Amino acid sequence: MARNVFILGLDQHNLEILRRLPGAGELAFHRLLSVEELQGEHIDVPVLLDRAVQQLEAFDGPIDAIVSFWDFPMVVMVPILCARYGLPSANLLAVLRCEHKLWARNVQASTLDELPAYGLLDLDIPAPVLPEGVHYPVWIKPVNGASSEGAFKVHDDGELRARLPEVRAVIDRLGRPFQEVMNMVEAPPEIARVGGMGCLVEEPATGHQMTVEGFSHDGEVVVYGVIDSISYPGTSSFLRYQYPARVPWEVQERMSDISRRVVAKTGLAQSTFNIEFFWDEPTGALNVLEVNARHSQEHAPLFEMVDGVSNHQAMLDVAFGRTPQMAHRAGSYGMATKWFLRHFGDGIVRSVPSGEQIAALEHDVPGTTVRVTAIPGEQLSRRHAEDAYSSVLATVYIGGRDEQEITAAYRRCLQTLAFEIDEVKN
C-alpha cells in the first residue's frame, strides 16, 4: 500500500519532480492547502492550522509524513502538525531559532567569529536611529520574512526613514502571524521582548554568495551540496543559481564545518536546511547571511540534473525517519542553473510569451525548461514574496556541460522570450 505524504503548498512543478524520485511509485503525494491559501494577503496561522487539520482528519487512510519546502508560514506549520500526529520532524523551538532573524544572529554569535555588526531597530519612536556599533550602509529586515520581502539596503538616516513605511507594512502582514507562533514557545527574555514584529539592522556582508544544502538527522549534520548564487551586476537581485559551486574545495569544507556548528547550536534535528554564505576572497572571510530550517525547492531541478536525484529526496527520507543517502554526479549534466528573468522597478504586464513559443524554445535548446511567472494585467509591485527592487517574469532552468554552454543557451532564451510591460513610476 502506498505511503501518504502531505505537502503544505504542493504545486504542479514540484509534484512532477517528486514523482521522478526513486521509489515514488510507492508514495501518494497530497496537497495540504494551496500556495494561494498559505501565502495570501492576510495570513492567520491558527486558521490555517485548523484548515490543515480538518483536511487531514477527513482523509481516509494513514498519514505517513507531513512536509514542506516553503518559507513562512509553512516552515513553522510543519513541526506543529507533525507533533500533533506523532511524525518525525524538527522541534518548533529549533525552527524558530533559525527563522527569527535576531534570535538566529544571537545563536550564531555564540559559536562563530565572523558576523556582520547587527542590532535591533527601535520602531516605537518616530525617527529611529541605528543601534550602537552598527554603521551605514545597512540592511533593514523584519525579524521574520519570506523571499527577502521587506528587506532594504539604506545608506543614511533619510533613506532609512523613507523605507520604514514599507518595512512596517511587511511587519504588519508577516509579523503578526509570526507572533502567534512565537506565543507557542518559551523564548529567551531578550527575544520574547522583541517578539515577531521587530526589525533587524545589520551591516552588509560582501563577496561571493553561496548556499549550502544539508540535513540534520540522528545526531549527524550532513552537507550534500553547495550552490552559487550570482546576482545581477550592481544589485542584490539574483541572476542565477548554479550547481555545483565554482569556489575552491577548501572554502566549501569551511562552509560545511560552519554549517555543522551552527545547525548543532540551534538544536535543529530531523530536518533539512539551507544556509546562505558570503565568501570574501581577498580576506578569506566567510559570513553567514541566514539559516533556513528547510531545503530549497528552487534548487531541486539543479540537483536532479547534476546528481540524478533532487534534494526533495532528503526531505522525504528525514520525514520517514531514514538517514538520506544522496546521489552524487549521476545526472545527465555536468552543470545546472536556474536563471531569473527580471523586471527592475514597477510595471503592468501587458503580454508574455505564448505556450507555443516556450515549447518551441525548449525543443530547440535541449536541457532547457522555461516557467513564466508574470501574468498579463498584473501590477508587479502588488506581488508578495519578491525582493524590494525587482520582480521575476520567468525562471529558466538550463543544464549543460559547462558554464560557457549554459550561458550561450540562456542568451538564446533572452532573445526569444518577449514580455511587454508598461512602466509605472512610483
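Guide: A cavity is a set of points on a 1 Å grid over the protein atoms alone where a 1.4 Å probe fits but cannot get out; a pocket is an open set with protein on both sides within 12 Å along at least five of seven lines, and lining residues have an atom within 4 Å of a point. The model is predicted, with local features needing pLDDT of at least 70 and side-chain atom pairs pLDDT 80 or more, while totals for chains, interfaces and linings use all residues. Residues are numbered from 1 along each chain as its sequence is written, and side-chain values use heavy atoms, without hydrogens and water.

Visitor: What is the volume of the largest cavity?
Guide: By the rule above, the count is one cavity of 30 Å³ or more. Grid points are joined across faces, edges and corners, and the space filled by probe spheres set on them is the volume. For the largest cavity this comes to about 250 Å³.

Visitor: Which element gives the largest share of the lining of the largest cavity?
Guide: The lining has 23 residues, with Ser 68, Val 78, Gln 270, Ser 271 and Thr 272 nearest the centre of the cavity. Two or more residues come from each of β3 (65-67), α4 (74-85), β11 (271-280) and α11 (312-319), elements being DSSP runs numbered from the N terminus (helices H or I, at least four residues; strands E, at least two). The largest share, five residues, belongs to α4.

Visitor: How many residues of β11 are buried?
Guide: Ser 271, Phe 273, Ile 275, Phe 277 and Trp 279 point one way from β11, and Thr 272, Asn 274, Glu 276, Phe 278 and Asp 280 point the other way. Buried means under 20% relative accessible area with a 1.4 Å probe, protein chains only. β11 is largely enclosed by the rest of the structure because the number of its residues that are buried is 10 of the 10.

Visitor: Over how many bridges do β8 and β11 pair?
Guide: Strands pair if DSSP finds at least two bridges between them. Thr 211 has Glu 276 of β11 as its bridge partner. The pairing of β11 with β8 (residues 208-217) is antiparallel, and its bridges number nine.

Visitor: Which residue takes a positive phi in the hairpin of β11 and β12?
Guide: β11 and β12 (residues 285-292) run antiparallel and are joined by seven bridges. Trp 279 is set opposite Leu 286 in β12. Four residues lie between the strands of this hairpin, and the one with a positive phi near 80° is Gly 284.

Visitor: How many charged residues does the lining of the second largest pocket have?
Guide: The second largest pocket holds about 560 Å³ of space. Among its 23 lining residues, Glu 166, Ser 381, Arg 383, Asp 387 and Ala 388 lie nearest the centre, and α7 (157-182) gives the largest share, five residues. Asp, Glu, Lys and Arg count as charged, Ala, Val, Leu, Ile, Met, Phe, Trp, Tyr, Cys and Pro as nonpolar, and the others, including Gly, as polar. On that basis the lining has seven nonpolar and seven polar residues, and its charged residues number nine.

Definitions and conventions
Buried means under 20% relative accessible area, exposed over 50%, partly exposed in between (1.4 Å probe, protein chains only).
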